[in-house]
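Here are some notes for a colleague who is opening this entry and would like a careful way into it. Please keep the sequence and the structure in view while reading the points below.

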Amino acid sequence: MPSRKPKTQDKKVQTAPRTGRPRPAKAKPVPKYRTGYVALIGRPNAGKSTLLNKILGQKIAITSDKPQTTRLSILGIHTTPRGQIIFIDNPGLHKPLHKLNKRMMNFVYASIETADVVCLLIDATQKFGHGDEFALEAIKNVRKPVFLLLNKTDIVRKENLLLLIDRYRALREFKEFIPISAFRGTNVDVLEKLLIDNLPPAEKLYGDDDVSDQSERFLLAEIIREKILARVEAELPWATAVYIDQIDRNRRMGNRAPGGEDEDVFSEEDTELAAGDQPSESQLDNLSGQEPGPIRDTGREIAVPGVSAEPNMRRREEKPKPTREERRARPLVYIKASIFVERPNHRKIIVGRQGKNIKEIGIEARREIEDILESKVYLELQVKVRPQWRDSADVLDLIEGQKET
Ligand SMILES: Nc1nc2c(ncn2[C@@H]2O[C@H](COP(=O)(O)OP(=O)(O)O)[C@@H](O)[C@H]2O)c(=O)[nH]1
Ligand SMILES: [Mg+2]
């Protein structure tokens, strides 16, 4: 039994020798704060974008019950007192047929590479199938922590969850199995905590108010596309793209000023995208008038195509609903957007009988855009037939290019 040293000696050991020489430098303390990338991956419709919006507390990614809603990877920055989680929301994992879809899959693979933690989301209401095997194949060689998020627990039976967990456990190693409801926010706090625990110790890469790398302009285009997706069926949604041609804060509307609350103008011109149809200076203006923050030297370059390390969107303040008077007093913004479809009959579907469908799309999109811009909006939509745009690098570049400006 070791003898207990007298107290006085304890004190002596703690006292530094008065040699006058500096003490040897201590190792740099590891920051307690944690920062890193989390890739959200999974089959189309698993609820990846819904989860991201829920965690951020604001909509940055559109959602729909149609597959392949998300086409580009976007960053969603979530800053908490313990850590900064930089989510990468991705298109759903599927076998690509078009150039568009190949690009989509490249984003997913690159985001898996970049991530510190990978979250594989599954729709727990669905049976395990080929699509799930394909998703697992994509992370076969991943050695970093992978979480399995079993989503839609608000509408799934507990036995199904347990069966799914067993099934997945047998197929690969997962760091965590977390049942969640992205829709209701159930267990999202637990997820957040476990994610931060698995991020490397590091200082923040983004400011507290930064929320995404995508521009407001891109979000506006996406909102219009979301309203289209909600109103069309079958294969059409996959073949629709939206391009914001113009955003004008100073345009005089003359006699064509928007009249009643719900009036929208639309044109049915069957135009094609003119060659060299590039965004003008004014279109490139940052919509919110905010200077994007400086590009931070992260030391850890994010290497997902189309994803910028630069923050382009700030957190929106939560505000009470505006009164009618406040709405009326808002400044007017004129927005012109093109909706690309691949076939004339698709154009007919989107326009609808006597333009009824496009009018509804316009009204729904405008209401949401007005709240985002805190302006009155005059939204002009044009449906344009552009055969095989999904295989046209020009159109794809144009659409993706909106993300940063
Ligand atoms: N009931 C329920 N529906 C959900 C939940 N999460 C997402 N959804 C729905 O699932 C559909 C696909 O969601 P989305 O986020 O677009 O999926 P993504 O393709 O993985 O990004 C949408 O209709 C969502 O409203 C959830 O937790 N519960
Ligand atoms: Mg999505």
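**Notes on the predicted model**

1. As to its setting, Phe183 is found in the loop between β6 (176-179) and α6 (188-197). Phe183 counts as partly exposed because 16 other C-beta atoms lie within 10 Å, whereas a buried residue would need 20 or more and an exposed one 12 or fewer.

2. Turning to the chain as a whole, its secondary structure comes to twelve helices and twelve strands, and buried residues make up 37% of its 405 residues. Among contacts with a separation of 6 or more, 79% are accounted for by residues 24 or more positions apart.

3. The largest nonpolar core has 89 residues, of which Val38, Ala39, Leu40, Ile41, Cys119, Leu120 and Ile335 touch the most other members. Helix α7 (residues 216-231) supplies the largest share of this core, namely eight residues. Because domain 1 (34-211) and domain 2 (215-289 + 319-401) both give residues to this core, it lies between them.

4. Ile41 deserves a separate look: leaving aside residues up to four places away in sequence, Ile41 touches Asn90, Leu93, Val108, Ile112, Val118, Cys119, Leu120 and Ala135.

Key: Residues are numbered from 1 along each chain as its sequence is written. Chains are lettered from A and ligands numbered from 1 in the order in which they are written. This is a predicted model: local features need pLDDT of at least 70, side-chain atom pairs count only at pLDDT 80 or more; totals for chains, interfaces and linings use all residues. Helices (H or I, at least four residues) and strands (E, at least two) are DSSP runs, numbered from the N terminus. Two residues are in contact if their C-beta atoms, placed from the backbone, lie within 7 Å. A nonpolar core is a set of buried Ala, Val, Leu, Ile, Met, Phe, Trp, Tyr and Cys residues joined through C-beta atoms within 7 Å. Domain bounds come from an automatic or database domain assignment.
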